[in-house]
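I opened my notebook to get to know a new structure. Here is what I looked up, entry by entry.

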Amino acid sequence: MADGTEQAMFLDPAIRDWVLFPITVIMVLVGVFRHQLTILMTGEPPKPEPKDIRQGKALMRGQILAQNNSYIPLAAFAERKKYLCAAYEEGTYLKNKAQKEQGAANLMADPKNMEVMMDGMKKQMMGIVPQTLIMGWIQFFFSGFILIKLPFPLGVRFKQMLQSGIMTPNMDVRWVSSLSWYFINLFGLRGVFSLILGGENSADGTRDMTAMSTMGAMGQQPGQPQDFNKQFLSMKDNLSIVYHEWDLENIEQRVLVKYGKQARLFKSSRK
Amino acid sequence: MADQNDLYKYFEPTVQHNTLALSNIHTLTSWGVGTAAGILGLTGWNGFIFFLLSWVVISAAVLTIKCEGKPSVFFKSGTMDVVGTPVLNTLLSYVLVWTLMHALVYIYD
């Protein structure tokens, strides 16, 4: 049989009944199960303390002032700037004033952080373990035979991965084993999950694969190690260099000129 | 300034709801189109061309009927969000259904 002609084969319907459908059904069910389990296991998010919130909001207030400086007249802006800079310098808004000189607190000592990190790790476990289990199960039970023919061709290099258990060097790459059916399902069932479980669902296998590769960044996620003292000081610097320009500067002249009641007498930076 | 306007121009929960609705439309239609492709016995490039054609038709329908011709009212990135972003996900769904149906009709006795 020359390569290039259609390799026509027919498969036993028993394979279809006992392998094709069960793999899909199991993957859907495991996904739903994982979603429900994640919902059960996710504890309450830790209640933030008022001092923590106040820190964050004080920083935001400085940011908003810098961004929206054009909406208030110069006097009002100067007043706010003076007050905020003094407060930042002195550390009125800091959670632990005594710590101001010491720098960032030890991350592990904060009990709230432990809970947040444990939650994150639990979620990752929930993602990785079922995928590994299912892959192992498929390899164990459903290896060594052809399951399906792909309607589209692939490169020769995929043959090794997709026909893993079968020792026939001449067979078309399109005849594949059950592991590749697992992969097709893994990618294709995302749409089904978002139909069944709504938008934010934890049944997505591929999202966990990308999460695994970014596991190194997990230590910075809690956000607590931010040194607010330093941020306050840098915000103070930002505020002091903001160029204030009031939107309503010389508004009387501008309205008159716009409606043609007065010729423009002087050059201004506003049109 | 433009970025700040963007923050206030779109109400986030509604945008998310729109995106979810669009995704549902794409999933359901890709299942229908995939079934058609499998039963018709399309293979190789024909299958992908069929997918692209259906993508054009479905996107046009969504843009005219659901978005009333103005996708930027419903989505943050306008037409790109409707036509470009869901392609990969829908393609994967399509491949799943296409393979399944093709196998059911032609490969099994």
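**Entry 1: a helix in chain B**

I started with helix H2 (residues 12-40) of chain B, which has 29 residues and reaches 42 Å from its first C-alpha to its last, close to the 42 Å expected at 1.5 Å a residue. A reminder to myself: this is a predicted model.

Which residues of H2(B) are buried? I noted Val15(B), Asn18(B), Leu22(B), His26(B), Thr27(B), Ser30(B), Val33(B), Gly34(B), Ala37(B) and Gly38(B). An α-helix has 3.6 residues a turn, so residues three or four places apart point the same way.

Next I asked what the buried residues of H2(B) pack against.

**Entry 2: what the record says about chain B**

I checked UniProt, where an unreviewed entry lists residues 45-65 and 86-108 of chain B as "transmembrane region". I then compared those spans with the model. Residues 45-65 of chain B are 100% helix and 0% strand, and their end C-alpha atoms lie 30 Å apart.

**Entry 3: chain A as a whole**

How many helices and strands does chain A have? I noted nine helices and two strands. Along the sequence, their pattern is α-α-α-α-β-α-β-α-α-α-α.

Chain A has 271 residues, and 33% of them count as buried. I also looked at its contacts between residues at least 6 apart in sequence: 71% of these join residues at least 24 apart. The accessible surface of chain A is about 17300 Å², and 62% of that belongs to carbon and sulfur atoms.

I looked up a nonpolar patch on the surface, formed by Leu248(A), Ile251(A), Val255(A) and Tyr259(A), with about 360 Å² of accessible area together. One of these, Val255(A), sits in helix H9 (residues 251-258) of chain A. Val255(A) has a relative accessible area of 39%, so I put it down as partly exposed.

My last stop was Asp237(A), in helix H8 (residues 228-240) of chain A. With a relative accessible area of 46%, Asp237(A) is partly exposed. I also checked Asp237(A) against Thr132(A): they are 105 residues apart along the chain, and their C-alpha atoms are separated by 51 Å.

Definitions and conventions
Residues are numbered from 1 along each chain as its sequence is written. Chains are lettered from A and ligands numbered from 1 in the order in which they are written. This is a predicted model: local features need pLDDT of at least 70, side-chain atom pairs count only at pLDDT 80 or more; totals for chains, interfaces and linings use all residues. Side-chain values use heavy atoms; hydrogens and water are left out. Patches are made of residues with over 30% relative accessible area and no salt bridge: like charges are joined within 9 Å, nonpolar side chains (Val, Leu, Ile, Met, Phe, Trp, Tyr) within 5 Å. Accessible areas come from the Shrake-Rupley method with a 1.4 Å probe; for residues, only the protein chains shown count as cover. A salt bridge is a side-chain nitrogen of Lys or Arg within 4 Å of a carboxyl oxygen of Asp or Glu. Helices (H or I, at least four residues) and strands (E, at least two) are DSSP runs, numbered from the N terminus. Buried means under 20% relative accessible area, exposed over 50%, partly exposed in between (1.4 Å probe, protein chains only). UniProt positions are given in the numbering used here, feature names are shortened, and annotations may be inferred rather than shown by experiment. The expected span of a helix is 1.5 Å times one less than its number of residues. Contact means heavy atoms within 4.5 Å.
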